[in-house]
Amino acid sequence: MNHTPLVDTHAHLYSDVFQTDMADVVARARAHAAYVLLPNIDRESIEPLLALAAAHPDLCYPMMGLHPCYISDDYKQDLAYIERLLPTVPRLVAIGEAGTDLYWDKTKLAEQLHALEVQADWARNLGLPLVLHCRDSFLPTIELVEQMQDGRLRGVFHCFGGTVDDAKRLADAGFHIGIGGVVTYKKSDLPGVLPHVNPATLVLETDCPYLPPVPHRGQRNEPAYLPHIAQRVAEALGRTYADVAALTTANACRLFGLPLPVAANPATAAP
Ligand SMILES: [Zn+2]
């Protein structure tokens with residue numbers, strides 16, 4: 001049986017750790033994924049990100065933004081630089097990743113929120129989805145998003161690991177939730193949460209090279225591991241793998257404005 005190819009909605013595939021065997025990684029990605037969406041980190045990641053997107057224009061789509069863990073003293077200049085770049089990026093699918101992160105550094109929240117506000121405004125004005133990164137900072141982030149919601153803001157809360165109430169609040173605020181490798185981890189609460197969230201808000205992601213799903217923990221993550229995530233989501237929802245592939249791919253294509261991939265791709269198989 002053939003399945004709809006998946007969409008990796010969050011992959012740092014331009015990372016240094018893929019440079020030695022990129023051709024193989026991309027070939028394996030193509031066996032399972034129709035699209036791999038590339039979130040930006042900082043000014044330095046822009047060049048490799050755009051180069052990868054240009055090398056594989058049918059597979060890799062760029063986002064553009066400034067990650068909250070890379071908010072430096074010069075972040076306003078970084079934002080200005082990225083803003084000037086936006087109209088020049090071909091096939092730009094989203095603004096991101098942007099957001100807040102109090103896990104490593106708790107002193108930069110005001111700057112992170114300001115950078116998020118600026119980037120959410122870009123997303124609204126360009127009609128693009130916003131890809132949110134949020135760690136240990138759910139409340140200030142959702143409050144800002146809710147304040148800025150004027151009917152034009154939408155996007156993905158990437159690496160979702162919250163409660164049913166969090167998912168509901170995000171959906172009400174116009175946001176999808178990105179489900180990654182964490183759903184396969186033994187101590188994850190996500191499998192219990194997923195049956196109670198709106199299925200139309202679910203999208204899949206690897207966040208590679210980070211957060212590899214079981215059975216690849218401890219290894220470098222890559223888009224070809226996405227089926228393990230889809231499989232665990234299917235088990236949690238009591239649905240088939242093919243069902244979850246079709247659902248999450250349709251959700252991602254609708255959100256990011258991408259054409260639905262052809263379902264009968266014989267290379268696309270369950271794990
Ligand atoms: Zn990321």
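This is a predicted model: local features need pLDDT of at least 70, side-chain atom pairs count only at pLDDT 80 or more; totals for chains, interfaces and linings use all residues.
A residue counts as buried when its relative accessible area is under 20%. D78 is buried by that cut-off, because its relative accessible area is 11%. The secondary structure comes to nine helices and eight strands. The radius of gyration is 17 Å, close to the 18 Å that the globule rule gives for 271 residues, so the protein is as compact as a globular protein of that length.

**Overall build**

- Along the principal axes, the C-alpha atoms fill a box of roughly 50 × 40 × 35 Å.
- Of the 271 residues in the protein, 56% are buried.
- Among the contacts with a separation of 6 or more, 74% are between residues 24 or more positions apart.
- The accessible surface comes to about 11500 Å², and carbon and sulfur atoms account for 54% of that surface.
- The protein carries 21 positive and 31 negative side chains, and the centres of these two sets lie 4 Å apart.

**The zinc site**

- Which residues hold the zinc ion? The zinc ion is coordinated by H10 through NE2, H12 through NE2 and E97 through OE, at 2.0 to 2.1 Å.
- Written along the sequence, the spacing of these donor residues is H-x1-H-x84-E.
- H12 and E97 link distant parts of the chain, being 85 residues apart. H12 sits in the loop between β1 (6-8) and α1 (22-30), while E97 belongs to strand β4 (residues 94-101).
- H12 has a relative accessible area of 3%, so H12 counts as buried.
- E97 is buried too, because its relative accessibility is 1%.

- D78, the residue from the opening, lies in helix α3 (residues 75-85).
- Leaving aside residues up to four places away in sequence, D78 touches R43, L66 and S72.
- Q119 has its place in helix α4 (residues 109-126).
- Is Q119 buried or exposed? Q119 is buried, because its relative accessible area is 0%.
- Beyond residues up to four places away in sequence, the contacts of Q119 are with G65, L66, L79, I95, A98 and L130.

- R154 lies in the loop between α5 (138-148) and β6 (155-157).
- R154 has a relative accessibility of 28%, so R154 counts as partly exposed.
- What does R154 touch, not counting residues up to four places away in sequence? The partners of R154 are G127, L128, P129, L130, G174, F175 and L255.
- One of those partners, L128, is 26 residues from R154 along the chain, and the C-alpha atoms of R154 and L128 are separated by 7.7 Å.

- The loop between β8 (202-204) and α8 (226-237) contains P209. A cis peptide bond joins C208 and P209, with omega about 10°.
- P215 is found in the loop between β8 and α8 as well. The peptide bond that joins V214 and P215 is cis, and omega is about 10° here.
- D207 is another residue of the loop between β8 and α8. Although D207 is not a glycine, its phi is positive, at about 55°.
- How accessible is D207, and which class does that give? The relative accessible area of D207 is 9%, so D207 is buried.

**Positive phi at R91**

- R91 is found in the loop between α3 and β4.
- Phi of R91 is near 60°, a positive value in a residue other than glycine.
- R91 counts as partly exposed because its relative accessibility is 30%.

Notes:
Residues are numbered from 1 along each chain as its sequence is written. Side-chain values use heavy atoms; hydrogens and water are left out. Helices (H or I, at least four residues) and strands (E, at least two) are DSSP runs, numbered from the N terminus. The radius of gyration is taken over C-alpha atoms; the globule rule is 2.2 Å times the number of residues to the power 0.38. Buried means under 20% relative accessible area, exposed over 50%, partly exposed in between (1.4 Å probe, protein chains only). Contact means heavy atoms within 4.5 Å. Accessible areas come from the Shrake-Rupley method with a 1.4 Å probe; for residues, only the protein chains shown count as cover. Lys and Arg count as positive and Asp and Glu as negative; His and the chain ends are not counted. The place of a charge is taken as NZ of Lys, CZ of Arg, CG of Asp or CD of Glu. Donors are N, O and S atoms within 2.8 Å of the metal (3.2 Å for Na, K and Ca); water is not among the atoms, so sites may look incomplete.
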